[in-house]
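User: I'd like to go through this model with you piece by piece. Could you keep the answers in plain sentences?

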Amino acid sequence: MNLLLSINGGQLSTEVEAGDTLLDALRGNGYTSVKDGCANGDCGTCAVLIDGRAVASCLVFAGQAEGHEITTIEGVTGADQAYHPLQQTMLDAGGVQCGYCIPAMILTAADLLERNPSPTRDHISSYLAGNLCRCTGYVKQIDAIEMAAAILRGDDDE
Amino acid sequence: MSKPGITEYLRPDTLEEAWWHVEPGDPSLRILSGGADLTIHAPPEVTTLVDVGRVLDSTIQTMKDGSIHIGAMATLTDVMEHQDVAVHGSGVMPEMMVHVGNPLLRNFSTIGGHVARAKLSDVVPVFLALTAEIEYFNGADRSEPLQDYYDKGHHKEPHIVTGLQLPALPDRSAAAFLRFARTTFDFAILNVACRIDLDGDSVETVRIVVGSTPRLFQRAIEAEDLISEQGPTDTAIDRAGELARGEVRTGGGWVASAEYRSQLVEVLTRRCLGVVAGRLEAT
Amino acid sequence: MSEKFDVVGTSVHRVDGRALVTGKPVFVDDLPKRPGQLHIALLTSPHAHALIKSIDTTLAEQSPGVAIVLDHRNTPEKRYTTAGQGHPEPSPYDARMFDTKVRWVGDRVAAVAADSLEAARKAIDLIEVEYEILEPVLSIDEAVADNAPVIHDEEDSLDVWDAEHNIAAHVVANAGDIEKGFAESDITVDVTTETQYAQHAPLEPHVVSSYLDDNGRLVIVTSTQVPFHVRRIIGRLLDVPIHQIRVIKPRIGGGFGVKQEVLIEDLTALVTIRTGLPSQMIYTREEEFISSRTRHPMRIRVKLGAKADGTLHAVLMEVLSNTGAYGTHSLTVLSNVGSKTLPLYNKAPHLRFAGDAVYTNLPVGGAYRGYGATQGYFTLETAVDRLAGKLGVDPLEWRKQNHIREGEGSPIFAALGEGREGVEQTITSSALEECIRQGAERIGWTAKRGEKRQDGSWVHGVGMSIHMQGSGIPLIDMAAANIKMNDDGSFNLLVGATDLGTGSDTVLGQIAAEVLAVPLEKVVVLSSDTDVTPFDVGAYASSTTYVSGMATQRAAEAVRDQILEVASAMLGADATTLEIEDERVIAPDDRSVSLGDIAMRSFYNEDQHQIAATRSCVPDLSPPPFLASFCEVAVDTETGRIKVLDYVAAIDCGTAINPKLAEGQMEGAVANGIGYALFEEIIFDDLGRPKTPDFARYKIPGPLDLPHLETILVESYEPTGPMGAKSISEIGINAPIPTIANAVYDATGVWLTETPFTPEKVWKALQGD
């Protein structure tokens, strides 16, 4: 069936199978930043934003996404590839190791910070509960999200 | 990868049209509201999805009588974050919801899909403890206590869940939820939801609902009766835990033995009632 | 130490950071697909132990879209090992691409390549297999029982220790006289522990694509830790000359040892060779759990004997390792149980290490971060606490009295290596005492140990353990680096070392930049492409920073010398008087030339030549990093739940080339170790079928499952390492089990001897079961 998907502010007309997930539709159309780590809704590497909320795209059928605004990491990166504060702080804090989980984690964090500009470390941990990372132990990723929150709030450097 | 075997994706525009598909009880057809569970666990005979996203309500409203109506398409996050739901039953809903799956699932899973799924659930014991009513469509609009919906097997008949209602609670009412799992994002080995309503010094209503035993839920009636008679005193709460352990049947599996689950029934029931008693004192 | 460096010792951004945070297509499955690419699906055995009596692939071959079906009838029959180790691999050649016998639930039966994954899976369902089911061997005890079924009864396997008794590998090492040692001891303890099946669970599963290039050469793009071993092993297995194979490793989504294994490259390679078409295979998450590799479960006994003054006098370590259906890494992991642990307490003159790795009809053990030391330290470090308890001394003080120190050796170094004799060595750097001091202070050891603070049904305790690992495999590992200079005074650093997410490209780049006195962005790092980058054994055994780092440093020094020679001609000054600073070569009289001018001159003007050098490193030592690990736990006596409240790892890694990346290595290893200690476990039914083949049932830690993890980098300076560095990728994973077990004992007085420490197990232990 044919779908019209709104992705990162643009429109994509795409032909999908009835059983295709949003993950299938996105990767099939070149959005390979959305990872397929388990296809079971358990690892979180396929997370995208649907109407601003982080969702495991492997658990959403492509048809369900029509009429909603989908955001991938490409939609978070600024013009001329300028970093979003979360991208900058992930690197500053050393939160990136293999990087496979990172686009989804940044999107989930962006959702959190949109709703809660001043999360505690516990809030951050709680909101990352579905974004597994096997490399880091999460310490520096939580650091990075705290740092990005401060930037987005416009806090002074100190 | 594409979910194998799915050949048709239907998007009815009205409830009646959706019902036309659902009514025959064809095992090759599945209702799709949120999506999560179906995607993974649909058996191979399922070939057709009926996406009811366009026909169901997702709003949450507080009624004049203080009851709260939750549309079936409301996501678990919607329920968790709604300001009236958040304080209903002394905040038991967000206390529970934060343990359901994880944000990436709660942001898309719907409350209607969740209760209809009727498997290993943290949500169901809490809704039962709050004596929720369920609303569904099976050719006509129906409404019944959620417990009847499960006890009478209505959840296994063709129907489309349209909403849930949380009845108003008296001023002196408190509830709590506790669960036990291997990790934060994991199915519970056991969970307990408790609620006590007081009228003056006498106990008006008690609910002790134990879930993931691994059955969906069991009420600990003897324990409820004891608290009703004696009130939530320390002694009664200790004894209620023991009674619950005795009356709630537990099963064993690779995650936990029946014996260990029974230990958890006692400990969690006691602790959960203790939290409720503490909250009642604060009312 | 780091103040004398400019680039080394700073937490610069990763060189691959931009691509990763912007989600660029840098992983194997993200790369553009080649036209006509086939997708491969696998048929695996539903039985733990069976003979394939017949297999009928007719319907599958006729199924739409199917290009080729592979099984034991049309694939090479030679025996090999999938272990991605140096040549000759110290693992038995006991596997075939497809065999007539299946040896675990998940073993290969057939593969289908088709024009879509859906078509390949449909065809898999059409394959008819008739099995003769054999009695399975589902535990160590069943494997070593009298008259146990023989798992490897084939005639043509090589280097199996004792196939008839299901023993894949056997190791013994002695020093002194163990019987005499115990006879002379005043106090002994005797501890046996058991560890479980666990999986690495990299978030990117194994993924490989292959194609023929324009000249018909086979190109394999693979998520691997060992590109050069892939090339060699595939070449031999499929009879393709090495010069006809190119292996490319792009970015890798984690490995932790499971990608030190040549698991599916053979399938894509053979499909591409046979069909001429590009092909790709990705393990499903379930296949990753069941069909790839695991940590060897072990039963380990440690007996310690000490003199009344506390001095360790005799150490016995006996190991039974479950290598599963095949013997990959069976010998070397077994050796490492002793070789990486026993030298830590070098005061004992009497030592004995003995072990067998046994075959079972369960998943195959492989390399897993820690590599046997993880299992060994559980037993050793809990035995040490018991010994200290019997002696009536603080286990921390006992360790300070008995651990190895700078300038000291251990008879184990020479007696026990990686599957063969080891290499004599003395410790050239150690800050272990300082690690213990800082860690103890930070956790509040003195105040909290023995306090048993109660909080309702919760009781608190603190525990510690100390550790060493190594930096590469001495006299075996080999790494090379090539550096060439470009027009603008920048450099290409080409390394065969394999960054699998660890940050080694960045660390090696920093080493080169430091020597060449340029900022990191002037060093363009490429790893790994067997057509382009020089040889490196790959990323395993904590080798990259130390071994590949030393090769990089040497190459950079050679390039620097060439630069100085050109500059000497340009400045008319003796090369030995010149310095490089801020991308310029400076003469004693302050005249200077830029690196760009030097490069342009050597390309276009006089004495034209490419400034470049390749250097190698084969280390003759393996300097261990040292770790002191501490944690505070609370144990719920009613449910058995262990909460790790605080975790401190004080680590001596020599110079931390990139401190944040070094801390990240520790934090990740500790997190994985906590998961292994508390809940990670593959559980089987009574037919050997795994019940936990996904992340819903096999839990790995999420952020809420971990305590605050604090890493303290305690610097030392390793004189044999690059810029004073040692490697630390593995050591952290070994610590959580004994640290937590020792803390639980402090809290409850109960010893835990079987991982994972699930609440039910702890609760039963508290009941006295």
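User: Which residues does B:Cys194 touch, not counting those up to four places away in sequence?

Analyst: Bearing in mind that this is a predicted model, B:Cys194 touches B:Ala129, B:Ala175, B:Ala176, B:Arg207, B:Ile208, B:Cys272, B:Leu273 and B:Val276, once residues up to four places away in sequence are left out.

User: And which residues touch the most other members of the largest nonpolar core?

Analyst: That core has 401 residues, and B:Cys194 is one of those touching the most other members, together with A:Ile106, C:Val112, C:Ala512 and C:Ile740.

User: Which helix gives the most to it?

Analyst: Helix α16 of chain C, residues 544-571, gives the most to this core, with twelve residues.

User: Let's stay in chain C. How many residues of α15(C) are buried?

Analyst: In α15(C), 13 of the 13 residues are buried, so the helix is largely enclosed by the rest of the structure. Its length also agrees with expectation, because at 1.5 Å a residue the 13 residues, 504-516, should span 18 Å, and the end C-alpha atoms are 18 Å apart.

User: What follows α15(C)?

Analyst: The residue after α15(C) is C:Ala517, and its phi is positive, near 55 degrees.

User: Now strands: is β25(C) mostly covered or open?

Analyst: Strand β25 of chain C, residues 626-636, is mostly covered, with eleven of its eleven residues buried. In a regular strand the side chains alternate between the two faces of the sheet. Here C:Phe626, C:Ala628, C:Phe630, C:Glu632, C:Ala634 and C:Asp636 point one way, while C:Leu627, C:Ser629, C:Cys631, C:Val633 and C:Val635 point the other way, and all of them are buried.

User: How many bridges join β17(C) to β25(C)?

Analyst: Eleven bridges join β25(C) to β17(C), residues 458-468, and the two strands run antiparallel. Within that pairing, C:Ile466 has C:Ala628 as its bridge partner in β25(C). Strand β25(C) is also joined by ten bridges to β26(C), residues 642-652, again in an antiparallel arrangement, and there C:Phe630 stands opposite C:Val648.

User: Where is the positive phi in the hairpin of β25(C) and β26(C)?

Analyst: It belongs to C:Gly640, which has a phi near 80 degrees in a hairpin with five residues between the strands.

User: What about chain A, how many helices and strands does it have?

Analyst: Chain A has seven helices and five strands, and from the N terminus on they run β-β-α-β-β-α-β-α-α-α-α-α. For its 158 residues a compact globule would have a radius of gyration near 15 Å, and the 16 Å of chain A agrees with that. The C-alpha trace of chain A spans about 55 × 30 × 25 Å along its principal axes, and 63% of the residues of chain A count as buried.

User: Last one: why does A:Thr77 count as buried?

Analyst: A:Thr77 counts as buried because it has 22 C-beta neighbours inside 10 Å, where 20 or more are needed. A:Thr77 is found in the loop between α3 (73-76) and α4 (85-93) of chain A, and, leaving aside neighbours within four places in sequence, A:Thr77 is in contact with A:His84, A:Gln87 and C:Thr22.

Note on methods:
Residues numbered from 1 in each chain as written. Chains lettered and ligands numbered in written order. Predicted model: local features only at pLDDT ≥ 70, side-chain atom pairs only at ≥ 80, totals over all residues. Helix = DSSP H or I, 4+ residues; strand = E, 2+ residues; numbered from the N terminus. Buried ≥ 20, exposed ≤ 12 C-beta atoms within 10 Å, placed from the backbone. Contact = placed C-beta atoms within 7 Å. Core = buried A, V, L, I, M, F, W, Y, C linked by C-beta atoms within 7 Å. Expected span 1.5 Å × (residues − 1). Pairing = 2+ DSSP bridges. Rg over C-alpha atoms; globule rule 2.2 N^0.38 Å.
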